Amino acid sequence: MKDVNVLVENGVDIKKSLELFGDMNTYDMMLEDFLKEVDGKVSNAKRYLDMSDMPNYAIIVHSLKSDCRYFGINHLADMYYEHELAGKRSDIFYVKENFDALMQETKKMLNVLKRYMGI
């Protein structure tokens, strides 16, 4: 059985997330789908940054922000939101200066989610 405390102890707002998903069973099913596709989204964000393609970077980090909000990972969603805004204003300096911190936090939270899911 999954231990929701793994999520709560790492700052995941399960109560807020359940307002959207309704129950933990649905949360878990959607989280499983998210974990299957998130690496591709993160890779695309890096690729767009490497190409200095700020419009597409803003789109992909917007998607990641939304995913994080849905799953109650609000602090990471806030980080993605700042990157989304920077992408929209073509502030590549901000994105480059803060990308490593964003990726470190993303990796940390993905590890928490995988531990919760038993992956």
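User: In which helix does Asp-28 lie?
Analyst: This is a predicted model, in which local features need pLDDT of at least 70 and side-chain atom pairs count only at pLDDT 80 or more, while totals for chains, interfaces and linings use all residues. Residues are numbered from 1 along each chain as its sequence is written, and side-chain values use heavy atoms, with hydrogens and water left out. Helices are DSSP runs of H or I with at least four residues, numbered from the N terminus. On that basis, the helix that holds Asp-28 is α3.

User: Does Asp-28 count as buried or exposed?
Analyst: Buried means under 20% relative accessible area, exposed over 50%, and partly exposed in between, with a 1.4 Å probe and protein chains only. Because its relative accessibility is 12%, Asp-28 counts as buried.

User: Which residues does Asp-28 touch, not counting residues up to four places away in sequence?
Analyst: Contact means heavy atoms within 4.5 Å. With that sequence exclusion applied, the residues touched by Asp-28 are Lys-2, Tyr-116 and Met-117.

User: At what angle do α2 and α3 pack?
Analyst: Axes are lines fitted to C-alpha atoms, for helices over the stretch in contact, and angles run from 0 to 180 degrees between N-to-C directions. Helix α2 (residues 14–21) and α3 have their axes 9 Å apart. The packing angle is about 90°.

User: Which α3 residues do Ile-14, Ser-17, Leu-18 and Phe-21 in α2 meet?
Analyst: These four residues are the α2 side of the contact with α3. On the α3 side, the residues met are Met-24, Thr-26, Tyr-27 and Met-30.

User: Which helices do the buried residues of α5 pack against?
Analyst: In α5 (residues 74–88), the buried residues include Leu-76, Tyr-80 and His-83. The buried residues of α5 pack against α3 (24–50), α4 (54–70) and α6 (92–117).

How values were computed: Helix = DSSP H or I, 4+ residues; strand = E, 2+ residues; numbered from the N terminus. Expected span 1.5 Å × (residues − 1).
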